[in-house]
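Okay, thanks everyone, I'll keep this short. Have a look at the sequence and the model while I talk.

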Amino acid sequence: MSAQLLGTISIIFLGLGILFLLVSVYVFIKYRIKDVINDLNGKTAQREIEKIREENKGMSKSFKTDKFNSLRGKRTKKIDVNQTVEIKKENAIPNVNESTTILNTSNETTLLVDEEGTTLLNTMGTEELSTSDNEEIRSIHFEVIETQMFIQTNEFI
């Protein structure tokens, strides 16, 4: 190969590289890849939550932590190994013996179900469910009146 041919090939590949760079920038902007990246790593949700908290600061619906989290401290604070937090269980049944015991000392396997196997519930065979000739079959139209979404959080949104 001559130097002139190699120079021509390098110019062609340089042109293709610039073309692919422009196409990739166009695709990045057209399909909003930055927004997709922010959605996947949670930055969009974090910004929205911060925006909602800022809007709610002036109202009485400000974000408040529950008792356990306020006793624990800030999330970024290092946890002390010697720190103990007492959690009260309501309606708990007191357990007299809290040690672990072995339930079965033998090494044999036991069957949990009867040896009879599966039993038929209906011995009469297949039965067709149909209406009598006097009844008119109507199509029922359902309409969604209200949709509710439940979010498991103590924060007012």
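This is a predicted model: local features need pLDDT of at least 70, side-chain atom pairs count only at pLDDT 80 or more; totals for chains, interfaces and linings use all residues.

How much of the protein is buried? Of its 157 residues, 2% count as buried. The accessible surface is about 17100 Å², and carbon and sulfur atoms account for 57% of that.

Now, the helix pair I'd like you to look at. Helix α2 covers residues 33-41 and helix α3 covers residues 43-56; their axes come within 5 Å and cross at roughly 75°. So α2 sits roughly perpendicular to α3. Which residues meet there? From α2 you get Asp35, Asn38, Asp39 and Asn41, and from α3 it's Lys43, Thr44 and Arg47. Sorted by class, that contact has three polar and four charged residues, and no nonpolar ones.

On to salt bridges: the structure holds two. Asp35 is partly exposed at 38% relative accessibility, while Arg32 counts as exposed at 56%.

The other bridge joins Arg53 and Glu50, at 3.6 Å, N to O. Both lie in α3, three residues apart, about one turn of the helix. Arg53 is partly exposed, at 29% relative accessible area, and Glu50 is partly exposed too, at 39%.

That's my bit, over to you.

Terms used:
Residues are numbered from 1 along each chain as its sequence is written. Side-chain values use heavy atoms; hydrogens and water are left out. Buried means under 20% relative accessible area, exposed over 50%, partly exposed in between (1.4 Å probe, protein chains only). Accessible areas come from the Shrake-Rupley method with a 1.4 Å probe; for residues, only the protein chains shown count as cover. Axes are lines fitted to C-alpha atoms, for helices over the stretch in contact, and angles run from 0 to 180 degrees between N-to-C directions. Helices (H or I, at least four residues) and strands (E, at least two) are DSSP runs, numbered from the N terminus. Angles under 35 degrees count as roughly parallel, over 145 as roughly antiparallel, 65 to 115 as roughly perpendicular and the rest as oblique. Contact means heavy atoms within 4.5 Å. Ala, Val, Leu, Ile, Met, Phe, Trp, Tyr, Cys and Pro count as nonpolar, Asp, Glu, Lys and Arg as charged, and the others, Gly among them, as polar. A salt bridge is a side-chain nitrogen of Lys or Arg within 4 Å of a carboxyl oxygen of Asp or Glu.
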